[in-house]
Each structure stands twice: as structure tokens, then as C-alpha cells.
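Here are my notes on the model you sent. They are set out as numbered points, one topic to each.

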Amino acid sequence: MFSALLQNTRVLLQHLDGYFPTFSFCTRTLVSNSARGPSQHVNPPPSGLISELLDDESEDVQAGRRTRRTASECSVLLFPGQGSQFVGMGQGLLKYGSVREMFRVSHKVLGYDLLSLCLNGPKEDLDKTIHCQPAVFVTSLAAVERLNHEMPQAVENCVAVAGFSVGEYAALVFAGSMDFTEGRMLSYQLPAMLLVNTAAFQQKSVVPRWLLHLLFGVCHVVPAALYAVKVRAEAMQEASDRVPSGMLSVVGRPKANYNYACLQAREHCLSVGIKNPVCAVASYLFPDGRVIAGHQEALDFLQKNSRQLYFQRVRQLPVSGAFHTPLMQPAVEPLRQVLSQVTVRRPQVAVHANVDGKRYAHEGQVRRLLAQQLVAPVCWEQTLHAVYERAQGQDFPCTYEVGPGRQLGSMLQKVNLKAFRSYAHVNVVAPQD
């Protein structure tokens, strides 16, 4: 009796595998890590020199000996955020791995044809927050498929990842902390299912409809990263629609005082009757490079007075709201609720958080900081310093920007020129590029 139930269970699970697809970008790192044996750390190692990770001993399974990886043999992956999107992105990725399947699944989760939007636009629709965040997220993970196809060692030997804003979700998926899309979790009623006669599974290539109905009756959907990004984008769009606001890219001269400039802008807003004005640094990009966000009236003031504030260059960003400021507070609770349902695991690769630049230590911290990220500035410059910290004379790992655009590479060049010399971009347009 027991052996028959066990056999029925095995057959059932084999057929379930076809309904809940997995993608190599989610599993390759986990597989390569498990091949080296169990981790020596209960949690990721504490923040310190990246050379400690790069020179960490790993077991060569085939040769049966221990080898030492040099910095040049290791890699760092950087995932871009909103603003990097453009019409045509993803065209060069459709021949790799499971990319078409990723977009097919995304269509079901999002409710619209994301692939068509990425390839054909129109641009005004792609640039909307509700669309561009999922688009950048999926395209970035699709770019990992290309990197895995062309340079598998870059994926296998990755020692650290970071993502800018929504790119942090792609980084967490790559690191095995979150799943790409939802699956179904069997409830405690599963033992009763083992009594079902599953002989039909052995005779037919398609699961009988009646058994699917029974199966779905004792399963529940588990949201994952793609759905969390969808909720995040919708909540941020709704928060943006409440008040005229935006973001300003600022490059300042050495005399520039960004906090004082924001204070002046808030005082100006008060003088024209705006209550509780918001104007603050939303992203630390590179030395003297900031993104300032807040009420549109405050941003207009900064642009008009840019010379007196010692701003060298000021540019309004094509976004719908003041992200990473208190104006996004209405979006926090919807995101926190969905994150509480998402299965989150300890990252298998060091993932650096936007909020403070430090590595995630456990799953609870992932949920907490992802929600906090909406209203806290992105500490990207600080993150790059943490990722590339090393002992004197140590080489740097190879860095790959996986996703649309080269903005993260430009920032890395300004923050750490030596690390940038080992930088490459994974193109998402043409395979031959």
C-alpha cells in the first residue's frame, strides 16, 4: 500500500514540474554553490574586503582538490533600475535559454504583453512606472541568460550582486533569495491526495482535468518577485498621481551643498502655500552626482536657481513621481503586504542593499529593507564602495551590467576607475554586438 502511494506521488510531482517552470538564471548559482559543498557560514560573511570573498577556497569536485580563485576569475553583476528602459530592448535575447518562456509567464502574471511592449513600444507606455519596472526587471534577468550562454563562468563565479532600485529585485532573484514567478504550495491536505488513483498519469501525456481541479483545490498560489514588482510599480504610480512631483538629476560643483539647496526649495514651497513640502536627495550616484526628488514646485525652484546653488548640470528625469522620498509612503503598505507572502531565502551570493550598501544577512532583513527602500535614498555610491573594497594591491573582479542601458557602468567609472577597467555590458539589443 505504501509503495503504491509513493509511486503515485512521484508520478504526480513529475507532471507538476511541467506546470511550474523554472529558469536557469534562478538555479545556476544555487547548483554551482551546492556542488562545492555546504556553506561554511550560517549567514553571508560579514561586510569586509571583497578580496576575502574572491580568494575564498572552493572545492574542485572533479579533480578532488582545493583551488583558490583569483579576483580576475570572479565576477560582480550589476542590475539597472527604472530609467534605463528603451523601445527595442530584449530583441537580442530571444534566442537564449528560456527568455521567451520568461516573457510568456510575465504576460500571464502582469495581464499584458510585456515582450511586445519592450520590442515595439510605444515609448510613452513603456516609460510609465507600472510598465517600465516589470520591463527592466524581466529584461535584466533575460540578459543573465545571455551571459550564462556566452560566459557561463561569469555566472558560476559571481561573488557579489547589486541592483539599482527595482534592479535590487533582479539581484535577489539571481542570488536565489526570491523566485522569479509564483508557484503553488501544497497544503496539509496532500496526504488525502495520495489515495487518488493516478493511473491516468501513466497512460496519458496530459493531466486529466478532474485531477487538476482536485489539485488546485488543495494548493494555494505563492506570490514571487515578478508579482511583487507589479504591486510595487502600481503602488508607486498611484502614490505619484496624488501630487505633482518628480526627480532631478544634479551634478554639482565642489561648493554645492545639496541638503541646503533642498532646504531652500522647501522654504520656497512653504512661501507659496504648499503644506509639508518634500525635497530631498533620493539617490547618491557618484561624487557630486545626486538625484533630488520632491514636489514639482521645489524642483522648479532648484532649476531656476541652479547657478546660485553651484549646480553644474541639472536635468529633469522622465519619471512620474518623487521615488525614494516620503511622498512614496502610501506605496509602502501594499508592498509590505505582498512581501510578507513572498517566499524569501538567505541569498546564496552577497547582495548589497540600496538602503545602506551592506550585505543582506537574512530573509527578514530582505523584506524590511525592500519596503524601506521606497522612502529611503538609494545609496548607490556607498554600495559600490562596499562591493569593491579590497586590500592594497588586490586586483578587481570582472563587472557585468546585465540589463538595458550603461548607466551603472558610467557611475562605476566615476566612483572607482580601476574597477571600471574590468567592466563589460551585456547588450540586450543585438546578439552580434
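1. Leaving aside neighbours within four places in sequence, His131 is in contact with Tyr112, Leu114, Leu117, Asp125 and Leu126. The model is a predicted one. His131 is found in helix α7, and its side chain reaches the backbone oxygen of Asp125 at 2.8 Å.

2. Is His131 buried or exposed? Its relative accessible area is 14%; the cut-off for buried is under 20%, so His131 counts as buried. The C-alpha atoms of His131 and Lys230 are separated by 8.3 Å, although the two residues are 99 apart along the chain.

3. The structure holds six aromatic pairs. In the pair formed by Phe137 and Phe180, the ring centres are 5.9 Å apart and the planes meet at 10°, so this pair is stacked.

4. Tyr423 has a relative accessible area of 16%, so with the cut-off for buried at under 20%, Tyr423 is buried.

5. Lys414 lies over the face of Phe286, at 5.2 Å from the ring centre.

6. How many of the eight residues of strand β7 (residues 245-252) are buried? Eight of the eight are, so the strand is largely enclosed by the rest of the structure. In a regular strand the side chains alternate between the two faces of the sheet. In β7, Ser245, Met247, Ser249 and Val251 point one way, while Gly246, Leu248, Val250 and Gly252 point the other way; all are buried.

7. Strand β7 has antiparallel partners in β9 and β10. Seven bridges join β7 to β9 (residues 289-295), and these two strands run antiparallel; Leu248 stands opposite Ile292 in β9. Five bridges join β7 to β10 (residues 311-316), again in an antiparallel arrangement. Here Val251 stands opposite Arg313 in β10.

8. Helix α16 (residues 329-341) has Ala331, Val332, Leu335, Val338 and Leu339 as its buried residues. An α-helix has 3.6 residues a turn, so residues three or four places apart point the same way. Which helices do the buried residues of α16 pack against? They pack against α9, α13 (225-240) and α17 (363-372).

9. Some totals for the protein follow. There are 20 helices and 14 strands. Of the 433 residues, 53% are buried. The protein exposes about 19,900 Å², and carbon and sulfur atoms supply 51% of that area. Among contacts with a separation of 6 or more, residues 24 or more positions apart account for 78%.

Key. Residues are numbered from 1 along each chain as its sequence is written. This is a predicted model: local features need pLDDT of at least 70, side-chain atom pairs count only at pLDDT 80 or more; totals for chains, interfaces and linings use all residues. Side-chain values use heavy atoms; hydrogens and water are left out. Rings of Phe, Tyr and Trp (its six-membered ring) pair if their centres lie within 6.5 Å; planes under 30 degrees apart count as stacked, over 60 as edge-to-face and the rest as tilted. Buried means under 20% relative accessible area, exposed over 50%, partly exposed in between (1.4 Å probe, protein chains only). A charge sits over a ring if NZ of Lys or CZ of Arg is within 6 Å of the ring centre and within 35 degrees of the ring normal. Helices (H or I, at least four residues) and strands (E, at least two) are DSSP runs, numbered from the N terminus. Contact means heavy atoms within 4.5 Å. Accessible areas come from the Shrake-Rupley method with a 1.4 Å probe; for residues, only the protein chains shown count as cover. A polar contact is a pair of N or O atoms within 3.5 Å; within protein, one must be able to donate a hydrogen and the other to accept it, and residues adjacent in sequence count only if both atoms are side-chain atoms. Two strands pair if DSSP finds at least two bridges between them.
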